[in-house]
Amino acid sequence: MRFCSITSGSSGNCHLIETGQHRLLIDIGLSAKQIEKLLNDREIDPASITAVFVTHEHTDHTKGVGVWMRRYRVPVMATAGTWKGMERTIGQVPGELRVEIRAGKGYRMSDLRIEAVPTCHDANDPCGYVVESGGSKVAVITDTGMLTPLMQRHLCESDLAVLECNHDIDMLMQGPYPMALKKRIRSNMGHLSNEDCGYSITEARQRGSKGIFLLGHLSQENNTPQLAMDTVKQIVDGSGQSIASIHLTKREQATEMFTI
Ligand SMILES: [Zn+2]
Ligand SMILES: [Zn+2]
């Protein structure tokens, strides 16, 4: 498999997973035009995308979904709740391309298996995704206020995982957001902090993970790439585990293409 984070952060998310027979996008959270440009920068033809999976209806995950469906006529998979939540913002889409999936279920598509893993987030039936192909496994787990044992197991077993590293707790609490929003972000239905991410990678490493971790969904207001990386590495290093293969995702910029 190959993996590239096309863009990640509180302002827009999209990840590419490639197998022998498929090129999937997880979320289209910038305009279709912006995603086309970012794919072209990586010499990936946007018309070669074979399917799109959506995690939840928030616009930083769905902004370009409607245009993409009308332009490229590829199937888009999302839970019933996510479809309902994004109905108004994506406009009219071809009914035959609108595929409903169930969080907690696995689906086989020729050379890959994809599982929708329920997340804990203030959206209608949100999920992350785990893709397995050719003996390798990739997980994308962001927009979750806590990690369930199932998510932690997937993170531990994955060869590559995008894990949310949303905010620095001090920056969030001392920042300009209203208290209600701060509480929402910190809650079990909000977002994972840098510390949460660090402890989760530590746990995965302690359970034998040698996988690559990409720190994802960094907040523009309440985090910096340097602070996210420093905090995670300090926690993982402090526990005596390996800090090798921990990378940052980028906002409106694709990462390197990882082969796993
Ligand atoms: Zn988000
Ligand atoms: Zn969200």
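The model is a prediction in which local features need pLDDT of at least 70 and side-chain atom pairs count only at pLDDT 80 or more, while totals for chains, interfaces and linings use all residues. Residues are numbered from 1 along each chain as its sequence is written, chains are lettered from A and ligands numbered from 1 in the order in which they are written, and side-chain values use heavy atoms, with hydrogens and water left out.

**Exercise 1.** Find the protein donors of the zinc ion (ligand 2) and describe the site.

Step one is to apply the rule that donors are N, O and S atoms within 2.8 Å of the metal (3.2 Å for Na, K and Ca), remembering that water is not among the atoms, so sites may look incomplete. The protein donors are H56 (NE2), H58 (ND1), H121 (NE2) and D143 (OD), at 2.2 to 2.5 Å from the zinc ion (ligand 2).

Four donors count as tetrahedral if all angles lie between 85 and 135 degrees; four count as square planar and six as octahedral if opposite donors are over 155 degrees apart and all others between 65 and 115; anything else is irregular.

Step three is to read the spacing of the donor residues in sequence, which is H-x1-H-x62-H-x21-D. H56 lies in the loop between strand 4 (51–53) and helix 2 (59–62), and D143 in the loop between strand 10 (136–141) and helix 5 (149–157), so the pair ties together parts that are 87 residues apart in sequence. Helices (H or I, at least four residues) and strands (E, at least two) are DSSP runs, numbered from the N terminus.

**Exercise 2.** Which residue bridges the zinc ion (ligand 1) and the zinc ion (ligand 2)?

Begin with the zinc ion (ligand 1), which is coordinated by D60 (OD), H61 (NE2), D143 (OD) and H217 (NE2) at 2.1 to 2.2 Å. The bridging residue is D143, and the two zinc ions lie 3.4 Å apart. H61 lies in helix 2 and D143 in the loop between strand 10 and helix 5, so the pair ties together parts that are 82 residues apart in sequence. Both H61 and D143 are buried (under 20% relative accessible area, with exposed over 50% and partly exposed in between, for a 1.4 Å probe and protein chains only).

**Exercise 3.** Which element gives the most to the lining of the largest pocket?

The element is helix 7 (residues 179–186), which contributes three residues to this lining.
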